Amino acid sequence: MLDVELIHKYNYYAEVHNVTTKDGYILELHRISGSDRFPPKPGKRVVLLMHCLLGSSADWVILGPDLGLGYLLSDQNYDVWLGNARGNRYSRKHISLNPDSRDFWLFSWHEIGVYDLPVTIDYVLDHTGQSSLFYCGHSQGATIFWVMLSELPEYNSKIILMQAFAPVAFMTNPRSPVIQAFAQNLQTVEVLFATMGIFEFMPSSDWLRTSTQLLCSETNSMAYMCQNALFLVAGFDSQQMNSSILPQYLGHMPAGSSARQGFHYCQLVNSKSFRQYDFGTIENFRRYHQMNPPDYRLRRTKVPTVLHYSSNDWILNVTDVERLASILPSVYKTHLIEMEDFNHFDYIIATDIKDLLYNMVIDFINKF
């Protein structure tokens, strides 16, 4: 079931919008414009939600009206927009490139920050008649925000408040053995992917969605394998694992990305820096006029920022969040979630996510 169908199912008003980037990618945006309780009307304040790597707009509605952040914000009478980055199941389109071709996938999250996010923001503001909006980004959704402001600092004036869930910028020491293995063998992995013609990473498909939903069902004795696979990447948290929603979540995630997005994150692990894509010395000289990629200019971020993070996140280390907070000039609040086992995916599917995080997120938005 598509996320707009989920939204309609619960008697909220959903819209589908399309916007085209400067480099030709066609992005699909989803909007929760209201509900029977709060009907659509002009002048509502706007919130834009952006998903993580391999995620989609479905992340914000998969838990249903009682827990999904998209619904909770709509219930507060906000105009809620759900973005989709290039290459995921909703934005696998281009004005000229075939999504099954290599050329379609020659992007990382740098291009998402430079092209996708700005055009999304401009479209939402133009369509709603607002001059600025609230922004929430999970993991990659936070990464692309800082990419955007590093390269296009004029967008500071278009954001009222930014809230980052698992704010990935620096990745000096992820605890996930999966990420460590990819990062330590990155050159080999890149060659292997290129040799095999793999440029799209974990694409969404009907077969994958059906098989994961069957395998991960609560009634399947093998369901624990699905949970453990997620835990090896994100951190172990059986307490907050919403096993009833897991099959539906895995029916939407992974939603697909470019392989280069994952490579770029692995480069951050190896370089210990938050910087642009490393193409190798020769291509770096051609593109950047220096041997190594330039660092992103985090000090250009002037937007009030709330950093939500956790100590059991196997992708993002607490020390990396502290490093980020020490550089960003406008940190309004750092919030270490009060649950020791809270992991990287709990921001979307934790059983107690409303009490642990979303109520605070809404309070911050209401204050501004």
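User: Which residue stands opposite His 17 in S2?

Analyst: Leu 29 does. Keep in mind that this is a predicted model.

User: What do S1 and S2 form, and how many residues lie between them?

Analyst: They form a hairpin, with five residues between the strands. Look at Gly 24 in the turn: its phi is positive, about 95°.

User: How many residues of S2 are buried?

Analyst: Nine of its 10 residues are buried, so S2 is mostly covered, given that buried means under 20% relative accessible area.

User: How many bridges join S2 to S4, and do the two run parallel or antiparallel?

Analyst: Three bridges join them, and the strands run antiparallel. Two positions show how they line up. Ile 32 stands opposite Val 80 in S4. His 30 stands opposite Leu 82 in S4.

User: Which residues cover the two faces of S4?

Analyst: Asp 79 and Trp 81 are on one side, and Val 80 and Leu 82 on the other. All four are buried, and both faces of S4 are covered.

User: In which sense do S3 and S4 pair?

Analyst: In the parallel sense, over four bridges; S3 holds residues 46–50. Take Leu 48 as an example: its bridge partner in S4 is Trp 81. From S3 the chain passes through helix H2, residues 69–75, to reach S4. This β-α-β crossover is right-handed.

User: Now the rings. What describes a pair of aromatic rings?

Analyst: Two values do: the distance of the centres and the angle of the planes. A search of the whole structure finds 25 aromatic pairs here. Take Tyr 25 and Phe 107. Their ring centres are 5.5 Å apart and their planes stand at 75°, so this pair is edge-to-face. The cut-off for that label is over 60 degrees.

User: Where do Tyr 25 and Phe 107 lie?

Analyst: Tyr 25 is in the loop between strand S1 (12–20) and strand S2 (26–35). Phe 107 is in the loop between strand S4 (79–82) and helix H3 (109–128). The pair therefore ties together parts that are 82 residues apart in sequence. Both Tyr 25 and Phe 107 are buried.

User: Why is the pair of Phe 274 and Tyr 296 tilted?

Analyst: The centres are 4.7 Å apart and the planes are at 45°, so the pair counts as tilted. Phe 274 lies in the loop between helix H10 (259–271) and helix H11 (281–288), and Tyr 296 in the loop between H11 and strand S9 (305–309), so the pair ties together parts 22 residues apart in sequence.

User: Is Phe 274 buried or exposed?

Analyst: Buried, because its relative accessibility is 2%. Tyr 296 also counts as buried, at 5% relative accessibility. Phe 274 is among the residues with the most contacts inside the largest nonpolar core, which has 113 residues. Leaving aside neighbours within four places in sequence, the contacts of Phe 274 include Trp 109, Trp 146, Phe 170 and Tyr 296.

User: Which residues do ring pairs link into a cluster?

Analyst: Trp 60, Phe 165, Phe 342, Tyr 347 and Tyr 358.

User: Where does the charged end of Arg 287 sit?

Analyst: Over the ring of Phe 279, 3.9 Å from its centre. Find Arg 260 too: its charged end sits over the ring of Tyr 277, 5.1 Å from the centre.

Notes
Residues are numbered from 1 along each chain as its sequence is written. This is a predicted model: local features need pLDDT of at least 70, side-chain atom pairs count only at pLDDT 80 or more; totals for chains, interfaces and linings use all residues. Side-chain values use heavy atoms; hydrogens and water are left out. Rings of Phe, Tyr and Trp (its six-membered ring) pair if their centres lie within 6.5 Å; planes under 30 degrees apart count as stacked, over 60 as edge-to-face and the rest as tilted. Buried means under 20% relative accessible area, exposed over 50%, partly exposed in between (1.4 Å probe, protein chains only). A charge sits over a ring if NZ of Lys or CZ of Arg is within 6 Å of the ring centre and within 35 degrees of the ring normal. Two strands pair if DSSP finds at least two bridges between them. A crossover is right-handed if, with the strands pointing away from the viewer, the path from the first strand over the helix to the second runs clockwise. A nonpolar core is a set of buried Ala, Val, Leu, Ile, Met, Phe, Trp, Tyr and Cys residues joined through side-chain atoms within 4.5 Å. Contact means heavy atoms within 4.5 Å.
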